[in-house]
2 protein chains.
Amino acid sequence: MTTEKLDAIDRKIIEVLQRDGRASNVELAAQIHLSAPQCFRRVKSLEERGVLRGYRALVAPQTLGLGVTAYVSLNIAGEAFDRVREVETLIRDFPEILECHTVSGDCDYLLKVVAQDLKSLSQFLTDRLMQIKGVDDVRSMICLEEIKPPSPLPVRD
Amino acid sequence: MTTEKLDAIDRKIIEVLQRDGRASNVELAAQIHLSAPQCFRRVKSLEERGVLRGYRALVAPQTLGLGVTAYVSLNIAGEAFDRVREVETLIRDFPEILECHTVSGDCDYLLKVVAQDLKSLSQFLTDRLMQIKGVDDVRSMICLEEIKPPSPLPVRD
DNA sequence: ACTGAAATCGCGTCAAC
DNA sequence: GTTGACGCGATTTCAGT
């Protein structure tokens, strides 16, 4: 992914597509005051350069029966540092883990997890996550209220 | 949003659109072995019922000059409980705050924040967040490595 | 009532200027 | 960077089950 400069038009395209990922090419072109073929080329270029990495439908988790979201922190046990890559692969393979980063601070990993309910979350944590050799100190923060929903990245003008 | 049952076809549609939010109606119809008008009606219904809440382009933050992601926890000072709604409104209005939940555990709020670099994150935390009356005990976990990128919700079959 | 065939209209896409 | 043309897809209507 090249980190070359995006001009004002590129940024406007990104802004619109972050809000409406299904905007048709002509809608988009109209909004940014560009001809349709121009607009089309811009979008393709942004996709090829890896700026636009894909498009996704946003789904309400509740409607899929996923009533609980939690952030879960964990560490890798000192004696298991050689198993780090293995643990990371296992983490990636759990569909209920939506996101995972290594982070600075008191814990090594921070995960975003969804589950049907508290019972099923608890089962996931104890029967799956904590069963992984090398995983230590699992702590969870259950999401109570969504104050700000997942939002588009800010686009500097 | 009605929480009525989704059948196997609905779930398949959701699965595909979570992976490719720009899939055309005919592509979608072909993948789920349905006629185009049928498929179209299903999608519209899912949108109207609030199951599909929108579509979004995924953007690589680095290409927008956003080199740093962090999770930030904070509390509301004991004497400022009456200002909670006010604080939440301020939080919602910061574009660099991508997401915010109240959570169980040691902290009250957990935020996902992006910034250009560490300096700019630090400025945001000290000059913006910590300036909010009632905000207390701001701690940040800087994301070091992305182990698993934001992923679609699991769809139970 | 629900399905799919068909028909229309507009858009995506490419090529030429 | 714009115009024009072609073909396909989106969307509606309608007839059949």
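**View 1. Ala70(A) stands opposite Ile142(A) in β5(A).** This is a predicted model, in which local features need pLDDT of at least 70 and side-chain atom pairs count only at pLDDT 80 or more, while totals for chains, interfaces and linings use all residues. Residues are numbered from 1 along each chain as its sequence is written, chains are lettered from A and ligands numbered from 1 in the order in which they are written, and side-chain values use heavy atoms, leaving out hydrogens and water. Strands here are DSSP runs of E with at least two residues, helices are runs of H or I with at least four, and both are numbered from the N terminus. β2(A) and β5(A) (residues 135-148) run antiparallel and are joined by 6 bridges; two strands pair if DSSP finds at least two bridges between them. β2(A) also pairs in the antiparallel sense with β4(A) (residues 109-115), over 7 bridges. In that pairing, Val72(A) faces Leu111(A).

**View 2. Both faces of β2(A) are covered.** In a regular strand the side chains alternate between the two faces of the sheet. On one side of β2(A) you can find Val68(A), Ala70(A), Val72(A), Leu74(A) and Ile76(A), and on the other Thr69(A), Tyr71(A), Ser73(A) and Asn75(A). Because 9 of the 9 residues of β2(A) (residues 68-76) are buried, this strand is largely enclosed by the rest of the structure. Buried means under 20% relative accessible area, with exposed over 50% and partly exposed in between (1.4 Å probe, protein chains only).

**View 3. DNA strand D meets residues from chains A and B.** Among its neighbours are Ser35(A), Arg41(A), Ser24(B) and Phe40(B); a residue is near a strand if one of its heavy atoms lies within 4 Å of it. Look for the side chain of Gln38(A), where an N or O atom is 2.5 Å from a phosphate oxygen of DNA strand D. A backbone N or O atom of Asn25(B) lies 2.4 Å from a phosphate oxygen of this DNA strand. α3(A) gives the largest share of the surface near DNA strand D, with 3 residues.

**View 4. DNA strand C is surrounded by residues including Val26(A), Gln38(B) and Arg41(B).** A phosphate oxygen of DNA strand C is 3.0 Å from a backbone N or O atom of Val26(A). The side chain of Arg41(B) places an N or O atom 3.1 Å from a base nitrogen of DNA strand C. Of the atoms of DNA strand C within 4 Å of the protein, 75% belong to sugar or phosphate and the rest to bases.

Conventions:
A polar contact is a pair of N or O atoms within 3.5 Å; within protein, one must be able to donate a hydrogen and the other to accept it, and residues adjacent in sequence count only if both atoms are side-chain atoms.
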